Amino acid sequence: MALQGSEEIEEQLAEPEEIGDEDVSISPAEEITLNVGPGREEDTDSLLLPWDRFSAWLHCICVVGFDLELGQAVEVIYPHHSKLSEKEKTSICYLSFPDSNSGCLGDTQFCFRFRQASGRKSSLGCFLDQFDRDAPVCLKRDQGHYYGYVYFRQVRDKSLKRGYFQKSLVLISKLPYVMFFHSLLKLIAPEYFEKQEPCLEAACNDIDRWPTPHPGKILVLPIMGTVMKVRIPTCYDKPGTSQLVQSTQNDNLVSIILPTVHEVDLFTCFHPVFFHIQMLWELVLLGEALVVMAPSPAESSDTVLALVSCISPLRYCSDFRPYFTIHDSEFKEYTTRTQAPPSVILGVTNPFFAKTLQHWPHIIRIGDMKQAGETVKQMKVKKLKNLKTLDSKPGVYSAYKPFLNKDEDIIKQLQKGVQQKRPSAAQNAILRRYFLELTQSFIIPLERYVASLMPLQKNICPWKSPPQLRPFLQDVFMKTLEKAGPQLTSPLKGDWMGLYRQFLRCPNFDGWFRNRRREMMKKLEALHLEAVCEEDLQVRVQQHTEVETVDLVLKLKDKLTQAQREQLPLRPGTLTKLQAHIDSVILSLPDDLQGILHKPSTP
Amino acid sequence: MSVRVPSMSVLPPVRKDRVIAQLPQCYSKKAAVQTKDEFNSKVKTACQEQRTGTVGRFKIAKVIVVGDLAVGKTCLINRFCKDAFDKNYKATIGVDFEMERFEVLGVPFSLQLWDTAGQERFKCIASTYYRGAQTIVIVFDVNDVASLRHARQWLEDALKENDPTNVQLFLVGTKKDLSSPAQYSQIEQDAIKLAEEIKAEYWALSSLTGENVREFFFRVASLAFEVNVLAELEKSGSRHIGDVIKINSNSNNLYATSKKKQSNCCQ
């Protein structure tokens, strides 16, 4: 019961493949002039100062090492002028190292997320907002948080006092492009550990020459002698399609094509608990307090990111920490027993948490990933009281009763894949599609209802303020489900009503609805403005006094600046039309007033 | 005789002054990678028959530009890629990068130009950038004998990261406008001698006046292109190019087919 027929999907794929094949030769310089969206970017790009391009991708790069006297310490921050508060530095220190004695020998990659210290504002802010406009909600810059992408190396080194070389190279960014930054680190970190600071300097210099992270463009990013090619998706892409297809023919030394900047391998991540994926989907959808206890930061962060992304294209709106330690500044806040557990998803590795978070309603325990045979046999959801502090069996511990009936087909399909040794990428694609269809089935009735809250076109009058959106009424919405509910697109039975009722109370609904509202209000403003442009202003001016005409000019000028600032979704040409209207109205006024009104309005 | 692939619509067409229809000639027959007048006939046929799929597989070549500090590596690239010359010296940090698109015998072909720093400080990281190079351009200043003397060392460093039998070498003297004919002919002798020894093709040019700059890069692009096409023709043998693409597109679809299709795809 796919929303998009499979034929359509193939079509989507066939086309981009050609793009993937042909566009290898876009140079960064040309990239900038390739048009997507309204064309003001070209001006901004040429206005960029040194480090602006770098800042569009990364806040900074940190090196975290282990000092025998101090413990973990940030050894280097690059570029040197980057600002981090002491609190942020402390967070980075603890979050960049495994926090338990989990013999992570060799190289490990993982990611964490921490709160940004308040009060700092980037002068680049509005310039960066421009990229966010076209990005899907899940890929917008994280307001208020930073991501840390870690490449940790731990190897025996007898020449060192501690007997081990332990160091992390950490990329700090607001962009949630986990796959992209992991690939980037794979190129930079090993070189850095061998060749030290000049390598960082060169890498940062490379990054500062990159085109800005504009969704929808194919970006060619030279780094450390290789060229990475990526495309950041836009919110206009059809979900579940990829525009860049990995080409096996590529010479890895010369260029690397990343098929996705952010999508983790869901199948691999959920492998240890895949009997429960549907229940986990519900838990994430409803913003339930969830903790992942994993043997290593890599497994913990992968699983948390997979959880957060399984409800895509919905954005998970509560806090989530792919890797959380006892040193975290939110440790007390999140582990207190005096309140109900917060709506967050935490990934932890320290066994201490098994005790601290014992009271949490839903616990995913991941064992050693290597014991893969385990997943072939059926597993029950475990009772919470069976959770021992240490050495509990892997599995999902929860008293939760899912609203929807279990979909046996997907489990069977995946199981068959395991037996037939289907490539993990194919398994991942199946699972991703499954989640996408489930989420879309769930969200479409909401979309449909919310769209009906929009006032009718005929109620938009150019000479009155735009009409209000109608309020969201839960009862009315629930009524629509009888005829146009998820049963139209999903074969799954169960208590969908209960699921909606619960969802409407959770932060994910709130975040989703606010975003929708904002978009619709913009649309209303745009429709209103278009209606104004259709009017014959000359006739109106003749019927009104001079004072009123001046007032009209000022109001229209306001509208014009607002439309530009908020980038209203206008029909092309509307702004030019509006400007022409303003000019012609001004011309109908006496000369002295003309002089005053023609001056460019100060924003 | 330029042929454009329709699906390239996302890209602006290749600039008119980047179209190569004839094999550009070497600078000096005494030190050239090859001295033929025309492109290899197999290559020409392959391109004429529009078997661009073959060529398409390796349509990028990585070029690294190495040489002493301040011999004019960045200026050389800027003259060609941006048609600009900046008299002020600005040291390259780590590495600069440009991508230049050509159309050779009607087939799109790109050069990745990696402009490495000449400073000692960055020597340790240089090897990272050298990897996978198909063409090595060693630059020296025709007015600076020492910079020519160091060419051998630069070559040695660059070759450590690459298969010596699979790279094309160019030895390029810059700042020709600054030297008198007498001075120049002296250093040219040494340079050609060295070029012969290391099996490099010798060029002398001026980024300030632009003399020979375009000719040089056209030559680099053409020779790299020719080698790539020949290698690919040899590899693919009698196999049909269409098949290669087809197999590939099937395997791509496999990862995204929905439940319905899965059964026949994954047997």
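What is the handedness of the crossing of H18(A) and H21(A)? The crossing is left-handed, a term used where the near helix is turned anticlockwise from the far one by less than a right angle, right-handed being the clockwise case.

This is a predicted model, in which local features need pLDDT of at least 70 and side-chain atom pairs count only at pLDDT 80 or more, whereas totals for chains, interfaces and linings use all residues. Residues are numbered from 1 along each chain as its sequence is written, chains are lettered from A and ligands numbered from 1 in the order in which they are written, and side-chain values use heavy atoms, with hydrogens and water left out.

**The helix pair**

Select residues 507-534 (H18) and 574-587 (H21) of chain A: their axes come within 10 Å and cross at roughly 45 degrees. Helices (H or I, at least four residues) and strands (E, at least two) are DSSP runs numbered from the N terminus. Axes are lines fitted to C-alpha atoms, for helices over the stretch in contact, and angles run from 0 to 180 degrees between N-to-C directions. H18(A) and H21(A) are therefore oblique to each other; angles under 35 degrees count as roughly parallel, over 145 as roughly antiparallel, 65 to 115 as roughly perpendicular and the rest as oblique.

**The domains**

Next, colour chain A by domain 1 (52-199), domain 2 (266-518) and domain 3 (536-598), bounds that come from an automatic or database domain assignment. The C-alpha centres of domains 2 and 3 of chain A are 50 Å apart.

**The cores**

Now display the largest nonpolar core, which has 153 residues; Trp57(A), Phe180(A), Phe270(A), Leu446(A) and Leu171(B) have the most contacts inside it. Domain 1 and domain 2 of chain A each supply at least three residues to this core. A nonpolar core is a set of buried Ala, Val, Leu, Ile, Met, Phe, Trp, Tyr and Cys residues joined through side-chain atoms within 4.5 Å. Buried means under 20% relative accessible area, exposed over 50%, and partly exposed in between (1.4 Å probe, protein chains only).

**Two buried loop residues**

Select Asp407(A), in the loop between strand E13 (395-398) and helix H14 (408-419) of chain A. Asp407(A) is buried, at 9% relative accessible area. Beyond its neighbours within four places in sequence, Asp407(A) is in contact (heavy atoms within 4.5 Å) with Gln278(A), Tyr434(A) and Leu492(A).

Finish at Ser28(B), in the loop between strand E1 (19-20) and helix H1 (41-48) of chain B. Ser28(B) is buried, with a relative accessible area of 9%.
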